[in-house]
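Open your viewer and get ready to click along. We will go from the contact between two chains to a few single residues.

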2 protein chains.
Amino acid sequence: MRVAALAGGVGAGKFLRGLVRVVPPEDLTVIVNTGDDVRIHGLHVSPDLDSVTYWLAGVADRERGWGRAGETFRTTEELRRFGAPDSWFSLGDMDLAVHLFRSELLEQGSSLSAVTAEVARRFEVNVRIIPMTNDPVETRMEVVDEGGQAMDLHFQEYWVKRGARDEVKAIRYVGAESAHPAGGALEAINEADAVLICPSNPVASIGPILAIPGIRDALAEWRNRAAGVSPIVGGAPVRGMADKLLPAVGVEVSAAGAASCYRGLIRGWVIDELDRSLAGVVEQQGFDVVVVPTLMVDDDAAEVVARAVLRVALDGGHR
Amino acid sequence: MRVAALAGGVGAGKFLRGLVRVVPPEDLTVIVNTGDDVRIHGLHVSPDLDSVTYWLAGVADRERGWGRAGETFRTTEELRRFGAPDSWFSLGDMDLAVHLFRSELLEQGSSLSAVTAEVARRFEVNVRIIPMTNDPVETRMEVVDEGGQAMDLHFQEYWVKRGARDEVKAIRYVGAESAHPAGGALEAINEADAVLICPSNPVASIGPILAIPGIRDALAEWRNRAAGVSPIVGGAPVRGMADKLLPAVGVEVSAAGAASCYRGLIRGWVIDELDRSLAGVVEQQGFDVVVVPTLMVDDDAAEVVARAVLRVALDGGHR
């Protein structure tokens with residue numbers, strides 16, 4: 001059984017650890033958001049690609065969520081001491097090796113796809129991890145600060161540098177309309193027995209992927225074998241900033257609201273037991289629903305979620 | 001009293017710690033070799049500039065010589081694990097902060113001079129440290145390997161990557177003939193009360209500086225107030241590879257041979273007590289000679305050397 005998954009960062013990483021217990025890694029292709037890629041100290045940083053790789057490699061930090069277990073921050077601490085302009089973005093020392101490795105290969109003319117595969121190989125990850133595109137796409141936030149000042153920020157400036165304190169007026173995926181899906185992305189969707197949307201932010205993580213011409217259409221075409229997992233549990237994101245971003249695109253912060261972002265693209269939607277009361281609302285939107293515990297505190301819990309979403313993608317839902 | 005010093009890396013750094021006990025830091029300008037600057041993982045690494053800065057800042061590792069005390073190598077270890085092409089060159093985690101900081105500022109259009117001043121300021125070094133030039137100059141080694149194969153190597157490839165195991169046929173300072181002295185370098189020499197040559201490798205460290213048009217002439221013009229310290233003690237370099245490089249330029253590996261590299265450029269030469277028997281030979285070359293213990297095991301020892309070389313630059317020699 002071949003599976004394609006659309007993924008953001010940490011939530012996707014946790015989920016994918018469960019999925020590879022059910023699907024052989026070599027039969028799984030993960031298409032990862034690169035809209036929040038950012039240049040830090042001149043290096044190309046791909047937070048979601050790295051999160052997915054680290055989680056699948058078993059080297060992610062489960063407590064912190066992002067970055068690697070046992071990480072240190074010696075270089076970043078020095079850069080902070082220097083007052084380096086980009087030192088608001090914490091790069092771990094081990095993590096930095098990936099950014100240096102990637103940046104140098106990119107500078108030498110490799111594609112992000114090729115570099116991502118090289119990095120995955122170093123971590124002995126057999127899942128095929130591909131960026132949504134090799135073209136530059138930047139998720140930008142039109143915000144208003146506390147003083148009423150309008151600003152146009154890179155996603156990471158909004159999220160990490162300014163701590164998501166600004167009011168979001170609009171989100172743009174700059175460059176997406178002229179970007180091409182990375183080689184293999186459309187094929188993976190078209191040839192998959194099941195297409196899954198990981199429990200990632202619909203606006204910040206999955207939105208940029210769907211904005212790449214061709215990907216949304218491919219999903220729509222195969223919607224009868226596609227399903228997703230709600231990143232919202234009990235009216236709040238399990239992690240991250242969905243509560244700030246969903247309202248900006250006119251979507252309710254709930255498992256039902258998140259589902260509405262994928263209308264016409266998937267048949268099934270997995271929600272948490274806490275949201276059982278929303279199952280009817282989600283079904284009225286046209287989705288098959290599965291209710292399971294979705295808090296992925298460990299790989300066993302993630303496997304339950306993976307089995308549930310695969311089932312609803314292949315066979316339809318049940319409560 | 002204003003002093004200008006020509007400097008390489010570690011030997012210069014140790015010496016300069018003694019010199020700033022005798023000369024107020026703000027009256028000292030150090031003109032540093034950049035011929036062995038190298039691009040590693042896409043970053044601009046300036047080994048000699050950093051050594052001088054770290055030593056003057058008191059953060060250098062006295063045992064290892066290069067790099068910072070208390071350094072770790074987490075990023076480099078990861079890059080080695082990846083098999084990254086440049087991972088033969090060890091970059092410490094704290095050290096890496098300087099390379100990232102420098103590379104980003106250079107990319108944004110700053111000169112190496114400006115970046116060097118910014119780095120020195122971060123380390124609260126009041127000595128004026130300037131690169132010999134802001135133009136690209138590369139010390140390249142024409143060598144023959146064990147199998148008789150001729151190769152043209154960057155200095156760092158010869159020295160660090162291949163461990164100086166090849167036979168050196170010639171040394172070239174590529175780009176030097178069209179390079180310009182960095183702003184302030186000629187002025188520092190012309191306006192100095194004493195011009196000093198640090199105990200650095202005459203071929204690998206001081207040679208590139210003298211190859212920048214204008215610097216050799218300035219030195220020659222003011223030779224009567226210039227002096228140097230021998231980096232060779234008892235027929236061997238205190239540190240480094242002078243024993244490999246001096247023969248390649250037809251110079252004997254001795255305190256007298258090293259002096260001969262500076263004929264017509266300085267009046268005085270400081271040699272170690274171990275080389276007292278060479279004093280006559282050095283004098284016959286036209287130098288005033290001072291004999292002192294030159295092994296700079298600590299700052300007190302370095303101060304003795306600094307006082308000796310200043311004295312011979314200003315007043316002439318004595319045994």
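Before the first stop, some ground rules: this is a predicted model, in which local features need pLDDT of at least 70 and side-chain atom pairs count only at pLDDT 80 or more, while totals for chains, interfaces and linings use all residues. Residues are numbered from 1 along each chain as its sequence is written, chains are lettered from A and ligands numbered from 1 in the order in which they are written, and side-chain values use heavy atoms, with hydrogens and water left out.

**Stop 1**

Show both chains and select what touches across them. Now pick A:Arg74, A:Phe82 and A:Leu100, which supply 26% of the area that chain A buries against chain B, more than any other three residues.

Next, look for charges. There are 6 salt bridges between chain A and chain B (a side-chain nitrogen of Lys or Arg within 4 Å of a carboxyl oxygen of Asp or Glu). To see a salt bridge, select A:Glu71 and B:Arg74, whose side chains meet at 3.9 Å, N to O. Helices (H or I, at least four residues) and strands (E, at least two) are DSSP runs, numbered from the N terminus.

**Stop 2: B:Arg39**

Move to strand S3 of chain B and select B:Arg39. Which residues does B:Arg39 touch, not counting residues up to four places away in sequence? They are A:Glu107, B:His44 and B:Asp86. B:Asp86 is 47 residues from B:Arg39 in sequence, with 8.8 Å between their C-alpha atoms. The side chain of B:Arg39 also reaches the backbone oxygen of B:Gly42, at 2.8 Å.

**Stop 3: two positive phi angles**

Stay in chain B for B:His41, in the loop between S3 and strand S4 (43-45). B:His41 has a positive phi of about 50° although it is not a glycine. Is B:His41 buried or exposed? B:His41 counts as buried because its relative accessibility is 3%; buried means under 20% relative accessible area, exposed over 50%, partly exposed in between (1.4 Å probe, protein chains only).

Then select B:Glu124, in the loop between helix H5 (112-122) and strand S5 (128-131) of chain B. Phi of B:Glu124 is near 55°, and B:Glu124 counts as exposed because its relative accessibility is 69%.

**Stop 4: a buried aspartate**

B:Asp36 sits in the loop between strand S2 (28-32) and strand S3 (38-40) of chain B. B:Asp36 is buried yet has no salt bridge, and the nearest side chain of opposite charge, B:Arg102, is 10 Å away. (Lys and Arg count as positive and Asp and Glu as negative; His and the chain ends are not counted.)

**Stop 5: a covered helix**

Finish with helix H8 (residues 202-210) of chain B, where 9 of its 9 residues are buried. Among them are B:Val203, B:Ile206 and B:Leu210.

Notes. Buried area is the accessible area (1.4 Å probe) that two parts lose on being put together, summed over both. Contact means heavy atoms within 4.5 Å. A polar contact is a pair of N or O atoms within 3.5 Å; within protein, one must be able to donate a hydrogen and the other to accept it, and residues adjacent in sequence count only if both atoms are side-chain atoms.
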